[in-house]
Each structure stands twice: as structure tokens, then as C-alpha cells.
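Keep the model open beside you as you read.

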Amino acid sequence: HGVEQPEDTRTPVDDNLIVVGVSQVGSESVWRTANTASIQNVFTKENGYFLIFNNARQKQENQIKALRSFISQRVDYIVFSPITEDGWDTVLQEAKDAQIPVILIDRKVDVPDDSLYTTWIGSDFYKEGRMAATALDECLKRQNRGEDRINIVVLQGTRGATATIGRTSGFNEIAGEHGNWVILDQVDAEFTTAKGQEQMERLLRLHPDIDVVISQNDDMTFGALEAIRGAGLTPGEEGDVIVISFDAVKAALELVESGDITADVECNPNQGEYAETVIQKMENNEAVAKMYVVPETVFTRENVTKALEERTY
Ligand code: AHR
């Protein structure tokens, strides 16, 4: 009789491969699809990885289930984009107890103990919000409306998500410095085109005098543009409603070029390479920083043409 061995529930893979469990938020946006592709492109067999990918379809409970399954399969690393910031303490403690490093990408977690994750790779969403406000300020100055009352509505992303929290606080901070900017409404449209359209239609019925829409991602913007046109209005700096967006995916940059969107604040989805670099450092026992912020810019008619030539997503 030997000593009873714990059951090995690990996915049988070539021992030389590094097993990475990835829990993705969902496929709510074009940006998200690009983010997923950037992960799938680096964690390949050719690069020495075995990837277990889970799409949580925008539900936290699905993400928790996926993380528990990665832990029971004893993956080498967990790469994880949390839908919201709250509610991760228990499952991240379980990963820590199992000694599985957790690499956060895109969004953050709000936990009392930051040893529950190794590092975070993502965007400075707060700065993005400020860049959106600055772009609006510049547009209003071009229009000589710098002193006029400006009625603003905000289409927000998923409640409690880092992207929503940061973009809202960054924008509101600068808005607060302009006594003439009035935020009429801030509504939740979940980062999707369908909700963006539905909420914008509702806002246009409630407020006949909207000057500006701040839409916290391009997908909601596509819906909002439908609603604006549907109401017989023209989007754009030369039209009736100024539209400021976030993400800067190709289809939206085309609308910056045509003038429908006045400014689009970039959100950089190419985080897979960063995650892979972090894992390689850890494999080599090298130090890893607690956060990596990806570079981002803002696009207007001035600089969009060149960016469009290079955009792949
Ligand atoms: O967390 C990043 C945000 O999530 C992107 O702006 C949005 O498009 C995505 O769904």
C-alpha cells in the first residue's frame, strides 16, 4: 500500500508547457474582442503555453466558477479581467493558498490585501476621463461656446467596473471646473450598442436640449448615433450634438474622420504581450512591477487618418 496521493485533476498537457487559465469578462464590445485576440495570440503552443480560456459572458458568478476550476486544475498562472471591482476576496485567497499567481488585466479588483494578486496591466481610466473632458473643452472653444451653458449626458459602462469608475471621475473632475457645464444625466448602458441606443433614445425624449454625449465606449456610441439620427438630429461638432467616445476601434475612428464623433479617447486592448512578459519574468525569478499602464492617446480629425491606416481592430 502506498500513501494515498491527492487526485491530480490537472488537465493533462505536455509537461513543458506553461498552463495559463484566462478568465475574460465577455464579448460585449469590439474592444473586448481585440483584447481577447491579443491574449490568444501570445499564449500559444509555439510560445510554450497551454491556454485554458473562459468567457464569463458579463457575469461575475461565471468568473468565480472559472477561477475555481483553474485552481482545481492547478494551472501555473491565472490571467483575469474582473468585470467589477468588488467581490473577489474569497476566490483570490483560494488562488493564493494554492500558490497560483494572479495577473489582472484591463480592470482592477478592490481588495484589502494587494498580495492577493501579483500585478495589474491596464489603462489609466481616470486619465482617459480627463482627456475626454479636455477634448470637449477644446471643441467648445473652437465653437466660441466656452462660456455658454452646455448640457451634457453621460452613457456609462458596466456599474462598478474600473473603466466606468475611472472615466466618470476623471471627466467629472474637469467638468466641475466649468461652472457652465451641466451634467443632466448619467445612465448605465453596460458597454453595449443595444443599451447605448435604448438609453440615448430615452435621454433624448427626457431632455430636448442635449449639447453633448459622453459615451464611455465605442459600442454604446454606435447605438447613441443611431438614436441621435433617429430623433432627426445631426451628430458632430458642426451638427446638433457633440459626441465624445472611448476605445478608438477602427469603425469609430472612421466616424471621427467623417466628423460624427468629435474625439475618441483610446483604450489600448493589446495587453496579451505584457501578460506574457510578466510570466516570463516570473519563470526567470525576475522582479515584477505591481502595475503596468499601457500607452494611450486621443484621436480627433487632426490625427485620425494615420491611426486609421494602422488600426487592425
Ligand atoms: O474595461 C475596458 C472597457 O471594457 C472598454 O472600454 C469597453 O469597450 C469594454 O467593454
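1. Helix 2 and helix 3 cross in a left-handed sense. Do keep in mind that this is a predicted model. Helix 2 covers residues 60–72 and helix 3 covers residues 89–97; the two pack at about 10°, and their axes are 10 Å apart. An angle under 35 degrees counts as roughly parallel, so helix 2 is described as roughly parallel to helix 3.

2. Next, turn to helix 6 (residues 193–206) and helix 7 (residues 218–230), whose axes lie 7 Å apart at an angle of about 40°. Helix 6 and helix 7 are therefore oblique to each other. Their crossing is right-handed.

3. On the helix 6 side, the contact with helix 7 uses Thr193, Gly196, Gln197, Met200, Glu201 and Leu204. Helix 7 answers with Asp219, Met220, Phe222, Gly223, Ala224, Glu226, Ala227 and Ile228. In this contact of helix 6 with helix 7, seven residues are nonpolar, four are polar and three are charged.

4. A further pair is formed by helix 1 (residues 30–42) and helix 9 (residues 272–283): their axes come within 7 Å and cross at roughly 40°. That angle makes helix 1 oblique to helix 9. Ser38, Ile39 and Val42 of helix 1 make the contact with Gly272, Glu273 and Glu276 of helix 9. By class, the contact of helix 1 with helix 9 splits into two nonpolar, two polar and two charged residues.

5. Now for the ligand: which residues surround it? Glu28, Ser29, Trp31, Arg32, Asp106 and Arg107 are among them. Others in the surrounding set include Phe125, Ala163, Arg167, Phe191, Asn217 and Asp247.

6. For glutamate 28, a polar side-chain atom sits 2.4 Å from an oxygen atom of the ligand. Aspartate 247 places a polar side-chain atom 2.6 Å from a ligand oxygen atom. In serine 29, an N or O atom of the side chain is 3.0 Å from an oxygen atom of the ligand.

Methods:
Residues numbered from 1 in each chain as written. Predicted model: local features only at pLDDT ≥ 70, side-chain atom pairs only at ≥ 80, totals over all residues. Heavy atoms only, no water. Axes fitted to C-alpha atoms, helices over the stretch in contact; angles between N-to-C directions. Helix = DSSP H or I, 4+ residues; strand = E, 2+ residues; numbered from the N terminus. Parallel < 35°, antiparallel > 145°, perpendicular 65-115°, else oblique. Left-handed = near helix turned anticlockwise from the far one by under 90°. Contact = heavy atoms within 4.5 Å. Nonpolar A, V, L, I, M, F, W, Y, C, P; charged D, E, K, R; others polar. Near = heavy atom within 4 Å. Polar contact = N/O pair within 3.5 Å; in protein donor to acceptor, adjacent residues only side chain to side chain.
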